[in-house]
Amino acid sequence: MIRGLLVLLALVTLSTALQCYNCGQVHNKPTDLQLGTFNKVIEKLHMKKCHEDRVMDCKPHENECQKVTLESTLGDRTAAPVSATVYKCGQIAKREKLCRTFKLSAHLMWHLKLEYCEVEACQGDVCFEP
């Protein structure tokens, strides 16, 4: 009896896992260099370009969907900065520090400067803008 209840509870828990978009997209007509750099970055983050079907189950400790808005020249110093959006699973407790983490990672891993970063909490696909 208890075993059956535990199995049922596990199934309910799995089926109610938070689902968020896990993808990135760049805006404002990027140069070839900017687009190539952006694609490398989102690949390293285990993401792909945004499509309607890019929803994934979040890990148990991730309790919100997040939309991260960024702006950078993406390594092309002769071009104007472009904006980009990353959608991901995240944690409420770590939201405030996420931009600092993104800026530090971008600088250390790709020698990129993020001129702007903002994180917004979302409810599932509410903030997704294809």
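**Pocket and strands**

Guide: Sorted by class, the largest pocket's lining holds 19 nonpolar, nine polar and five charged residues. Here Ala, Val, Leu, Ile, Met, Phe, Trp, Tyr, Cys and Pro count as nonpolar, Asp, Glu, Lys and Arg as charged, and the others, Gly among them, as polar. The model is predicted, with pLDDT of at least 70 needed for local features and 80 or more for side-chain atom pairs, while totals for chains, interfaces and linings use all residues. Numbering starts from 1 along each chain, and side-chain values use heavy atoms, without hydrogens and water.

Visitor: Which helix gives the most to that lining?
Guide: H3, with eight residues. Helices (H or I, at least four residues) and strands (E, at least two) are DSSP runs, numbered from the N terminus.

Visitor: New topic: which way do the residues of S2 point?
Guide: In S2 (residues 23–26), Cys23 and Gln25 point one way, and Gly24 and Val26 the other. All are buried, meaning under 20% relative accessible area with a 1.4 Å probe, protein chains only.

Visitor: What does S2 pair with?
Guide: S2 pairs with S3 (residues 48–49) in the parallel sense over two bridges, and runs antiparallel to S6 (residues 82–90), joined by four bridges. Pairing takes at least two DSSP bridges between two strands.

Visitor: Which residue is the bridge partner of Cys23 in S3?
Guide: Lys48. On the S6 side, Gly24 stands opposite Val86.

How values were computed:
Buried means under 20% relative accessible area, exposed over 50%, partly exposed in between (1.4 Å probe, protein chains only).
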